[in-house]
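The sequence and model are shown first.

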Amino acid sequence: MREIVFDTETTGLDPRNGDRLVEIGCIEMINRVATGNVFHAYFNPDRSMPAEAEAVHGLSEAFLADKHRFHERVDELLEFIGDSPLVAHNAGFDFGFLNTELEFCQRTAVCMTRMVDTVAIARRRHPGAKLSLDALCTRYGIDRSHRTRHGALLDAELLAQLYVELTGGRQIGLELAAEMAAPAQRTTAAAVRVDRPYREPRPHFASDAELAAHSAFIATLTDPIWHMGVAQPPARRA
C-alpha cells in the first residue's frame with residue numbers, strides 16, 4: 001500500500017485569515033517502509049512573515065523571496081501524492097492549508113477521506129499522554145537530536161518513523177518477511193516429488209527372541225549401576 005507522510009510550514013495558524021503555505025515535505029512509503037522518494041519545496045507566500053512564525057521554522061521573507069509560488073509547482077506536487085492516503089500530525093491543520101492553496105489555483109481539494117491523522121492514532125493508543133511530535137518521538141525512542149527548528153521535510157521524516165511505531169512498529173517487518181517467504185515456501189513444496197513408490201512401514205519394536213537375549217545378558221551382570229545407591233525401605237515398627 002502506498003502512503004504519503006507529509007508536513008507543512010506556514011506564515012501562521014489560519015489560512016482563512018490570510019496565512020499561507022511556505023514549505024511542504026512529503027515522504028513516500030510502501031507498506032509502511034520509506035522508499036527514498038520525496039517531494040520538498042519552499043514557496044514565496046507573497047506576504048510578510050510574522051516574527052513568531054519565523055521563530056518556529058526559521059524561514060524569512062528574504063529566504064523565500066526567490067522561491068516559486070505554490071501554483072508554479074502544484075502539478076509536481078499533485079503528481080507525487082497521486083491518490084494515496086496522506087498522513088500528517090494534527091492533519092486537519094495541514095489539510096486546511098493545502099486545500100486553501102489548491103483552491104487559489106482553482107484545483108480540486110484533496111478529499112478529507114484520504115486524511116490519516118497520527119494525533120488521533122496516538123490519542124487512542126495513549127489516552128491522556130502528551131501528543132506533540134517531540135513527546136511521541138521521545139516515547140518511542142526516535143532520535144530527533146538534529147531537530148533544532150521545525151522543518152517540513154525533517155518533520156515528515158520523523159513522522160514517518162513515528163507512524164510505523166504507532167501502527168505496529170517492527171512487527172511490520174516480520175509481516176513483510178512472511179510475505180516474502182511465502183513464495184519460496186510454495187516453490188519448495190512444488191519441488192517435492194509425489195511419484196515415489198509406496199513402502200510398507202518398518203517395525204520399530206523388539207522381537208520375542210531379541211527380548212529373551214536381552215534378559216539373558218542382563219542376568220550376567222554383577223551389581224549393575226542402576227542398582228547402586230538404592231535405599232532399602234525402613235523396617236516397620238512392631
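## Basis and terms

Axes are lines fitted to C-alpha atoms, for helices over the stretch in contact, and angles run from 0 to 180 degrees between N-to-C directions. Helices (H or I, at least four residues) and strands (E, at least two) are DSSP runs, numbered from the N terminus.

The model is predicted: local features need pLDDT of at least 70, side-chain atom pairs count only at pLDDT 80 or more, and totals for chains, interfaces and linings use all residues. Residues are numbered from 1 along each chain as its sequence is written, and side-chain values use heavy atoms, with hydrogens and water left out.

## Packing of α3 and α4

Helix α3 (residues 70–81) and helix α4 (residues 91–104) have axes that come within 10 Å and cross at roughly 115°. The two helices are therefore roughly perpendicular (65 to 115 degrees; under 35 counts as roughly parallel, over 145 as roughly antiparallel and the rest as oblique). Their crossing is left-handed, that is, the near helix is turned anticlockwise from the far one by less than a right angle, whereas clockwise would be right-handed.

On the α3 side, Phe 70, Val 74, Leu 77 and Leu 78 meet Leu 98, Glu 101 and Leu 102 of α4; contact means heavy atoms within 4.5 Å. By class, this contact of α3 with α4 comprises six nonpolar residues, no polar and one charged. Here Ala, Val, Leu, Ile, Met, Phe, Trp, Tyr, Cys and Pro count as nonpolar, Asp, Glu, Lys and Arg as charged, and the others, Gly among them, as polar.

## Packing of α5 and α7

Helix α5 (residues 118–125) packs with α7 at an angle of about 40°, their axes being 11 Å apart. This crossing of α5 and α7 is left-handed.

Thr 118, Ile 121, Ala 122 and Arg 125 of α5 meet Leu 159, Tyr 163, Glu 165 and Leu 166 of α7. The contact of α5 with α7 contains five nonpolar residues, one polar and two charged.

## Cavity and pocket

On a 1 Å grid over the protein atoms alone, a cavity is a set of points where a 1.4 Å probe fits but cannot get out, and a pocket is an open set with protein on both sides within 12 Å along at least five of seven lines; lining residues have an atom within 4 Å of a point. Grid points are joined across faces, edges and corners, and a volume is the space filled by probe spheres set on the points.

The largest pocket has a volume of about 500 Å³. Its lining numbers 23 residues, of which Thr 8, Glu 9, Val 56, Phe 93 and His 150 are the closest to the centre. At least two lining residues come from each of β1 (2–10), α1 (51–57), α4, α6 (133–139) and α7 (152–166). The pocket lining has seven nonpolar, nine polar and seven charged residues.

One cavity of 30 Å³ or more is present, and the largest cavity has a volume of about 30 Å³. Ile 4, Phe 6, Ile 24, Cys 26, Leu 77, Ile 81, Leu 86 and Leu 98 form its lining, to which β1, β2 (21–30) and α3 each supply at least two residues. The cavity lining has eight nonpolar residues, with no polar and no charged ones.

Arg 32, in the loop between β2 and β3 (33–42), has a positive phi of about 65° although it is not a glycine. Asn 90, in the loop between β4 (86–88) and α4, is another residue other than glycine with a positive phi, near 60°.

Asp 117 belongs to strand β5 (residues 115–117). Leaving aside neighbours within four places in sequence, Asp 117 is in contact with Ala 88, His 89, Asn 90 and Ala 91. Asp 117 and Gly 92 lie 25 residues apart in sequence and 7.7 Å apart in space, C-alpha to C-alpha.
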